[in-house]
Amino acid sequence: VQLQASGGGLVQAGGSLTLSCAASGNIFSINVMGWYRQAPGKQRELVADITSGGSTNYANSVKGRFTVSIDNLKKTVYLQLNSLKPEDTAVYYCDARLIVPPSFEEVYYWGQGTQVTVSS
């Protein structure tokens, strides 16, 4: 199983970006997919996550500005980042809790990071 993230880049403050992360491989089902971020010198923190049923969870710092969504058929999670601030600058990582054969138990996966840089 692999998670492939894309969509990062350089944007001015107030701008927008869309990140996507696609899961591939032998996956039976998705429990949760989401996004973390890590800024230089800081710990990795949860940004947002979403269950396959559409229940969402956001960090307080991004509520009202970021939107997480999921396409279960494509096994892809998206993060729409609006009204970006310089403090949103970080490497953004996707994660997933998936049900995979042959055990059909939940397994936790991380994707590679994608850099988001917001200039002031």
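Predicted model: local features only at pLDDT ≥ 70, side-chain atom pairs only at ≥ 80, totals over all residues.
Local features require pLDDT of at least 70 and side-chain atom pairs count only at pLDDT 80 or more, whereas totals for chains, interfaces and linings use all residues. Residues are numbered from 1 along each chain as its sequence is written, and side-chain values use heavy atoms, with hydrogens and water left out.

**Aromatic pairs**

Aromatic rings are paired here when the centres of Phe, Tyr or Trp rings (the six-membered ring for Trp) lie within 6.5 Å; planes under 30 degrees apart are stacked, over 60 edge-to-face, and the rest tilted. Four such pairs are present in the structure. Phenylalanine 28 and phenylalanine 104 have ring centres 5.1 Å apart and planes at 90°, so this pair is edge-to-face. Phenylalanine 28 is in the loop between β3 (17–24) and β4 (29–38), and phenylalanine 104 is in the loop between β9 (90–100) and β10 (105–119), so the pair ties together parts 76 residues apart in sequence. Strands are DSSP runs of E with at least two residues, numbered from the N terminus.

Tyrosine 36 and tryptophan 110 also form an edge-to-face pair, with 5.1 Å from centre to centre and 70° between the planes. Tyrosine 36 belongs to strand β4 and tryptophan 110 to strand β10, so parts 74 residues apart in sequence are tied together by this pair. Ring pairs link Tyr36, Tyr93, Tyr108 and Trp110 into a cluster.

A charge sits over a ring when NZ of Lys or CZ of Arg is within 6 Å of the ring centre and within 35 degrees of the ring normal. Arginine 44 lies over the face of tyrosine 93, 3.8 Å from the ring centre, and its charged end also sits over the ring of tryptophan 110, 4.5 Å from the centre.

**Accessibility**

The table gives relative accessible areas, where buried means under 20%, exposed over 50% and partly exposed in between (1.4 Å probe, protein chains only).

| Residue | Relative accessible area | Class |
|---|---|---|
| Phenylalanine 28 | 55% | exposed |
| Phenylalanine 104 | 45% | partly exposed |
| Tyrosine 36 | 21% | partly exposed |
| Tryptophan 110 | 38% | partly exposed |
| Lysine 75 | 24% | partly exposed |
| Serine 83 | 41% | partly exposed |

**Disulfide**

The bond joins cysteine 21 to cysteine 94, with an S to S distance of 2.0 Å. The link of cysteine 21 and cysteine 94 is right-handed, with 50° about the S-S bond. Cysteine 21 is in strand β3 and cysteine 94 in strand β9, so distant parts of the chain, 73 residues apart, are linked. Cysteine 21 and cysteine 94 are both buried.

Strand β1 (residues 2–6) has Leu3 and Ala5 on a covered face and Gln2, Gln4 and Ser6 on an uncovered one. In a regular strand the side chains alternate between the two faces of the sheet. Strands β1 and β3 run antiparallel and are joined by five bridges; pairing requires at least two DSSP bridges. Leucine 3 stands opposite alanine 23 in β3.

A cis peptide bond, with omega about 5°, joins proline 101 and proline 102. Proline 102 is in the loop between β9 and β10. Lysine 75 is a residue other than glycine with a positive phi, near 55°, and lies in the loop between β7 (66–71) and β8 (76–81). Serine 83, in the loop between β8 and β9, has a positive phi near 50°.

Key:
Helix = DSSP H or I, 4+ residues; strand = E, 2+ residues; numbered from the N terminus. Disulfide = S-S within 2.5 Å.
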